[in-house]
Amino acid sequence: MVWAPQSWREERASWRSVVCLNIVKSTFNILSVLFTSSSPMDRFSPQDLSSVNLDALSSSLASAEEIIKTRLCAFDARNTSGALRTGSVDPQPELFIPSNVSWKDRFITRLRGTKADDQSSIELNGNGVLEKDEAMEILISRKSYIQQLWNSPVVQELLYRKGVRLEESPGFFMNDLDRILAEGYEPSDEDVMRARLRTMGVQEHKFCFETGTEVGQEWIIYDVGGTRPQRASWFSFFDDVNAIIFLFPVNCFDEVLDEDPRVNRLQDSLNLWKQICRSPLLAKAQLILFLNKVDLLQRKLDSGVHFANYVPGFGNRSNDRDTVCRYLRNQMKDAQKRHSPQPRAFNAWLTCATDTKATEKTLGTVRFGIIKENVAKAELV
């Protein structure tokens with residue numbers, strides 16, 4: 001985005017399908033909550049949303065999801081797809097992209113030129129904007145239903161009582177439907193940063209610098225899946241790693257792992273950080289800690305959720321963002337010091353990945369630090 005702008009412009013258009021998929025997922029989540037409420041207080045009557053054809057909406061969402069799934073070569077947990085019918089109690093699984101699928105490369109290849117009679121091709125209009133997107137057309141046709149569903153006071157009250165906070169989840173675009181579900185929509189940089197696409201396995205990203213003093217130099221970044229079943233695949237990539245960027249979501253202190261509801265997500269991230277610090281393969285690697293999602297932490301604390309209720313060691317400290325982040329930073333710093341095989345510098349930043357300008361500055365500093373470290377190792381300074 002910052003150092004390879006031309007490549008980024010080609011890639012950015014491919015994320016439109018992901019944004020649409022996020023909207024489909026959010027709407028399915030709402031429908032799931034509506035029809036899986038067990039408490040009499042939380043039961044939902046279709047008459048509460050008489051202006052919304054829920055069956056038609058559900059069927060349309062399933063069709064759009066299937067189109068996107070095919071386009072991205074995505075799979076779901078049960079390798080099935082279908083509408084969430086009224087009264088269903090089985091929420092839709094999250095789609096994921098296997099590590100051996102280069103969906104962006106395939107999209108860009110099609111974007112650069114395919115035969116006009118190829119019915120699966122992606123076409124451009126005179127302004128270079130993507131056209132012929134059947135999934136987008138379906139969502140546009142159902143936009144009013146989706147908006148009425150999301151904006152309904154009945155739905156909002158039910159989501160609140162059930163503890164469902166879609167606005168704090170990655171891939172949340174329900175407040176941007178007028179802008180996104182429109183002809184000629186192309187994702188912005190911020191949209192891509194906010195979009196959610198689950199990947200399985202290790203994803204390799206290569207890019208050549210197009211600007212700055214390192215024009216033509218290639219960097220390789222490996223994006224590893226963070227869930228427990230995927231961590232075993234990491235170690236084969238640790239042999240010659242220069243640096244590791246560890247994303248520590250500071251807002252998840254009141255959440256549990258999907259794969260193990262007994263484990264607090266914040267504690268799991270701390271334990272994982274300790275494992276990385278003590279790994280002999282990474283003894284000489286530069287560790288870079290991003291205390292990420294500080295904006296969501298701020299929102300959660302402002303809503304009245306108390307950090308100390310979930311992290312007893314926090315004690316009677318002030319329940320504000322800066323104090324919580326300072327506490328977590330000290331915890332991570334202490335863990336690195338105690339578990340690293342040899343002394344190394346502690347590098348930590350507060351980040352909000354969706355703030356592209358702030359993230360750009362942070363990554364610029366990180367990039368400089370990596371280069372400086374490598375030069376020092378080569379004994380050139």
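Predicted model: local features only at pLDDT ≥ 70, side-chain atom pairs only at ≥ 80, totals over all residues.
## Helices H3 and H5

Two packed helices can be described by the angle between their axes and the distance between those axes. Let's start with H3, which covers residues 54-72, and H5, which covers residues 134-141. Their axes sit 9 Å apart, and the packing angle is about 160 degrees. Angles over 145 degrees count as roughly antiparallel, so that is the label for H3 and H5. As for handedness, H3 passes H5 in a left-handed crossing.

Which residues of H3 and H5 meet? On the H3 side you'll find Ser60, Leu61, Ser63, Ala64, Ile67, Ile68 and Arg71. They meet Glu134, Ala135, Ile138 and Leu139 of H5. Sorted by class, this H3 and H5 contact has seven nonpolar residues, along with two polar and two charged ones.

## Helices H10 and H12

Next up is H10 (residues 265-278), which pairs with H12. Here the axes come within 8 Å and cross at roughly 30 degrees. With angles under 35 degrees counted as roughly parallel, H10 and H12 are therefore roughly parallel to each other. The crossing of H10 past H12 is right-handed.

H10 brings Leu266, Leu270, Trp273, Lys274, Cys277 and Arg278 to the meeting. From H12 come Leu328, Gln331, Met332, Ala335, Gln336, Arg338 and His339. By class, the contact of H10 with H12 holds seven nonpolar residues, three polar and three charged.

## Salt bridges

How many salt bridges does a search of the whole structure find? The count is 16. One of them joins aspartate 178 to lysine 143, with 3.6 Å between the closest N and O atoms. Aspartate 178 belongs to helix H8 (residues 177-180) and lysine 143 to helix H6 (residues 143-151), so this pair ties together parts that are 35 residues apart in sequence. Aspartate 178 is exposed, at a relative accessible area of 53%.

Arginine 321 is partly exposed at 27% relative accessibility, and aspartate 322 is partly exposed with a relative accessible area of 41%. Elsewhere on the list, salt bridges with shared partners link Arg165, Glu168, Asp254, Glu255, Arg265 and Lys300 into one network.

## Glutamine 342

Where does glutamine 342 lie? You'll find this residue in the loop between helix H12 (321-339) and strand E9 (347-350). Is glutamine 342 buried, partly exposed or exposed? Its relative accessibility is 35%, so glutamine 342 counts as partly exposed.

If you set aside neighbours within four places in sequence, glutamine 342 is in contact with Ala283 and Lys284. Proline 280 makes a handy comparison of sequence and space: glutamine 342 and proline 280 are 62 residues apart in sequence, while their C-alpha atoms are 9.7 Å apart in space.

Methods: Residues numbered from 1 in each chain as written. Heavy atoms only, no water. Axes fitted to C-alpha atoms, helices over the stretch in contact; angles between N-to-C directions. Helix = DSSP H or I, 4+ residues; strand = E, 2+ residues; numbered from the N terminus. Parallel < 35°, antiparallel > 145°, perpendicular 65-115°, else oblique. Left-handed = near helix turned anticlockwise from the far one by under 90°. Contact = heavy atoms within 4.5 Å. Nonpolar A, V, L, I, M, F, W, Y, C, P; charged D, E, K, R; others polar. Buried < 20%, exposed > 50% of the residue type's maximum accessible area, 1.4 Å probe, protein only. Salt bridge = Lys/Arg side-chain N within 4 Å of Asp/Glu carboxyl O.
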